[in-house]
Amino acid sequence: MIRDIRDKKILVTGGTGQVGSFLVEELSKKGANVFVIGRDQKKLKEIESLVKSEKITFLECDLTDIKKNKAISESLNKIDFLVHLSSEMSEVYTDPIDNAHNTINVNINGIINLLSTLIKLEGIVYASSTAVYGKVKKIPVNEKNLTNPVTFYGCGKLGAEKYLNIFCSFNSIPLTILRYSTIYGPRNRTNQVIPAFIKKALQNKAITLFGKGKNIRDFVYISDVINATMKAITNNQEGVFNIATGKKCSTYELAKKIIKLTNSKSKIIFKGISNELDFLSDSEKAKINLKFKSKINLDEGLLKEIEWHKKKA
């Protein structure tokens with residue numbers, strides 16, 4: 001059964017980020033009544049015009065303190081549907097214990113606090129990550145693979161998945177978990193490999209690869225991610241789904257592509273030993289159940305992200 005989202009009150013956490021901002025724009029176009037929770041009203045980025053024109057509602061609040069804000073808690077009582085994108089992965093801590101505490105506080109405690117304010121949910125879409133799989137013995141990896149995260153980020157995502165499964169089962173709320181592969185494209189302000197390589201290439205600076213750059217990754221373009229997320233919202237399919245292209249690319253191949261596409265004079269330097277894990281997703285389940293299939297190939301997507309970085313430079 002297709003879910004009609006027109007006039008539905010949909011809450012998007014992490015709505016100012018890369019995925020969130022594009023998703024908020026798409027939901028607004030489809031007629032949803034969109035609410036966004038964010039930490040800073042002054043950092044609306046791409047959704048600023050939607051907030052100022054009152055096409056969406058922005059609620060300034062930290063999820064870890066949401067229960068202390070009575071006004072916002074009351075405004076969330078009538079939310080119909082939750083898309084939880086908010087997470088913590090960009091902060092760098094020298095102390096691993098600080099890293100663990102921060103990850104748990106944002107990725108797990110944040111969702112616990114939020115759910116305590118939502119009374120009549122018709123469904124939840126949770127943005128997880130393929131980081132929950134950790135080190136795998138064989139690729140590609142499907143949703144039946146064991147989860148064994150090797151990073152605090154992956155642990156936080158898996159912990160939130162477990163909590164949501166229990167919460168939604170107890171309260172009879174449909175839950176869809178999307179395990180995104182590495183996302184790239186415009187509005188990517190992270191320090192992940194693609195934006196890092198693009199910035200180096202645009203400045204004709206050397207690109208350093210650890211080991212021989214043979215480790216394999218799976219990159220999925222932002223518009224494909226938005227398409228998959230919208231299908232998860234509207235198709236009313238419960239379960240866990242990998243969202244990926246299923247096409248592999250080594251770090252060395254990626255660096256060469258970016259140098260070529262930017263007409264850069266950057267050199268590739270090999271250094272030390274790589275601790276990166278090979279990973280490739282199998283998204284056949286999403287293809288069958290969500291009718292999702294990635295459309296943007298890597299070269300096309302890289303060109304779009306390169307142009308975005310050029311404009312921002």
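Helix 5 (residues 152-171) lies across strand 5 (123-129) and strand 6, running at about 160° to strand 5. Helices here are DSSP runs of H or I with at least four residues, strands are runs of E with at least two, and both are numbered from the N terminus. Axes are lines fitted to C-alpha atoms, for helices over the stretch in contact, and angles run from 0 to 180 degrees between N-to-C directions. Contact means heavy atoms within 4.5 Å. The model is predicted: local features need pLDDT of at least 70, side-chain atom pairs count only at pLDDT 80 or more, and totals for chains, interfaces and linings use all residues. Residues are numbered from 1 along each chain as its sequence is written, and side-chain values use heavy atoms, with hydrogens and water left out.

Strand 5, helix 5 and strand 6 make a right-handed β-α-β unit. A crossover counts as right-handed if, with the strands pointing away from the viewer, the path from the first strand over the helix to the second runs clockwise. Strand 5 and strand 6 pair in the parallel sense over six bridges; two strands pair if DSSP finds at least two bridges between them. One of the partners across this pair is T176 in strand 6, which bridges to V125.

Between strand 5 and helix 5, the loop contains P140, and the peptide bond from I139 to P140 is cis, with omega near 0°. Between helix 5 and strand 6, the loop contains S172, which has a positive phi of about 55° although it is not a glycine. Most residues other than glycine have a negative phi, and most peptide bonds are trans. S172 is exposed, because its relative accessible area is 64%; buried means under 20% relative accessible area, exposed over 50%, and partly exposed in between, with a 1.4 Å probe and protein chains only.

Strand 6 (residues 175-180) also pairs with strand 10, in the parallel sense and over five bridges. In strand 10, G239 is the bridge partner of T176, and V240 is the bridge partner of I177. How many of the residues of strand 6 are buried? Six of its six residues are. Both faces of the strand are covered, with L175, I177 and R179 buried on one side and T176, L178 and Y180 buried on the other.

These strands belong to an open sheet of seven strands in the order 3-2-1-4-5-6-10, with parallel pairing. At the edges stand strand 3 (57-60) and strand 10 (239-243), each of which pairs on one side only. From one strand to the next, the twist averages 20°. Strands of a sheet pair through backbone hydrogen bonds, either parallel or antiparallel. Helix 1 (residues 18-29) lies across strand 1 (9-13), strand 2 (33-38), strand 4 (81-84) and strand 6. The angle between helix 1 and strand 2 is about 160°.

K291 lies in the loop between helix 9 (284-289) and helix 10. K291 has a positive phi of about 60° although it is not a glycine, and it counts as exposed because its relative accessibility is 59%. H309 is found in helix 10 (residues 298-312). Is H309 buried or exposed? H309 counts as buried, because its relative accessibility is 7%. Leaving aside neighbours within four places in sequence, H309 is in contact with N188, P195, I198, K199 and L202. The C-alpha atoms of H309 and R189 are separated by 9.5 Å, although the two residues are 120 apart along the chain.

The whole chain can now be described. The secondary structure of the protein chain comes to 10 helices and 12 strands. Buried residues make up 51% of its 313 residues. Among contacts between residues at least 6 apart in sequence, 80% join residues at least 24 apart. Along its principal axes, the C-alpha trace spans about 55 × 45 × 45 Å. A compact globule of 313 residues would have a radius of gyration near 20 Å, and the 19 Å of the protein chain agrees with this. The radius of gyration is taken over C-alpha atoms, and the globule rule is 2.2 Å times the number of residues to the power 0.38.
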